[in-house]
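Hi,

Here is the structure I said I would pass on. Have a look at it first, and then read my notes below.

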Amino acid sequence: MRVRNVKIKGHRTSIRLEPTLWDAIEDICEREGLGLDDLCNRVATERPGPNFTSALRCWVVDYFRGTLAAA
C-alpha cells in the first residue's frame with residue numbers, strides 16, 4: 001500500500017491505495033490533463049459519500065470500463 005496526501009475541497013487528507021491503483025490514477029491524470037488534487041476533487045463531486053478511498057477505487061474502474069466500451 002502507498003499513501004499520498006491530497007487536498008479535497010480545501011482539506012488535506014491522505015489516501016492509502018495499492019500501487020497498481022496509483023499507477024492507474026497517474027495514467028488517468030495524464031490522459032485528462034489533471035493534477036492529482038484536481039482528479040480527487042472531481043471524484044469527490046461525482047461520487048459523494050463517507051468513504052472517499054472506496055469511491056476513488058470504483059471511479060477508476062468505471063473510468064477504464066467506459067474507455068474500453070468507447071473503443
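Leaving aside residues up to four places away in sequence, Ile-8 touches Thr-13, Cys-40, Asn-41, Ala-44 and Phe-52. Keep in mind that this is a predicted model.

You'll find Ile-8 in strand E1, which covers residues 2–8. Is Ile-8 buried or exposed? Its relative accessibility is 12%, so Ile-8 counts as buried, the cut-off for that being under 20%. Leu-36 is 28 residues away from Ile-8 in sequence, yet the two C-alpha atoms are 9.9 Å apart in space.

Now for the chain as a whole. How many helices and strands are there? The chain has 3 helices and 2 strands, and starting from the N terminus they come in the order β-β-α-α-α.

On overall dimensions, the C-alpha atoms fill a box of roughly 35 × 25 × 20 Å along the principal axes. The radius of gyration is 12 Å, which agrees with a compact globule, because one of 71 residues would have a value near 11 Å.

If you take the contacts with a separation of 6 or more, 44% of them are between residues 24 or more positions apart.

Last, the surface and the charges. The accessible surface comes to about 4,600 Å², and carbon and sulfur atoms hold 50% of that. There are 11 positive and 10 negative side chains in the chain, with the centres of the two sets 6 Å apart.

Cheers

Notes. Residues numbered from 1 in each chain as written. Predicted model: local features only at pLDDT ≥ 70, side-chain atom pairs only at ≥ 80, totals over all residues. Heavy atoms only, no water. Helix = DSSP H or I, 4+ residues; strand = E, 2+ residues; numbered from the N terminus. Rg over C-alpha atoms; globule rule 2.2 N^0.38 Å. Contact = heavy atoms within 4.5 Å. Areas by Shrake-Rupley, 256 points an atom, 1.4 Å probe, with all protein chains shown as cover. Lys, Arg positive; Asp, Glu negative; His and termini not counted. Charge placed at Lys NZ, Arg CZ, Asp CG, Glu CD. Buried < 20%, exposed > 50% of the residue type's maximum accessible area, 1.4 Å probe, protein only.
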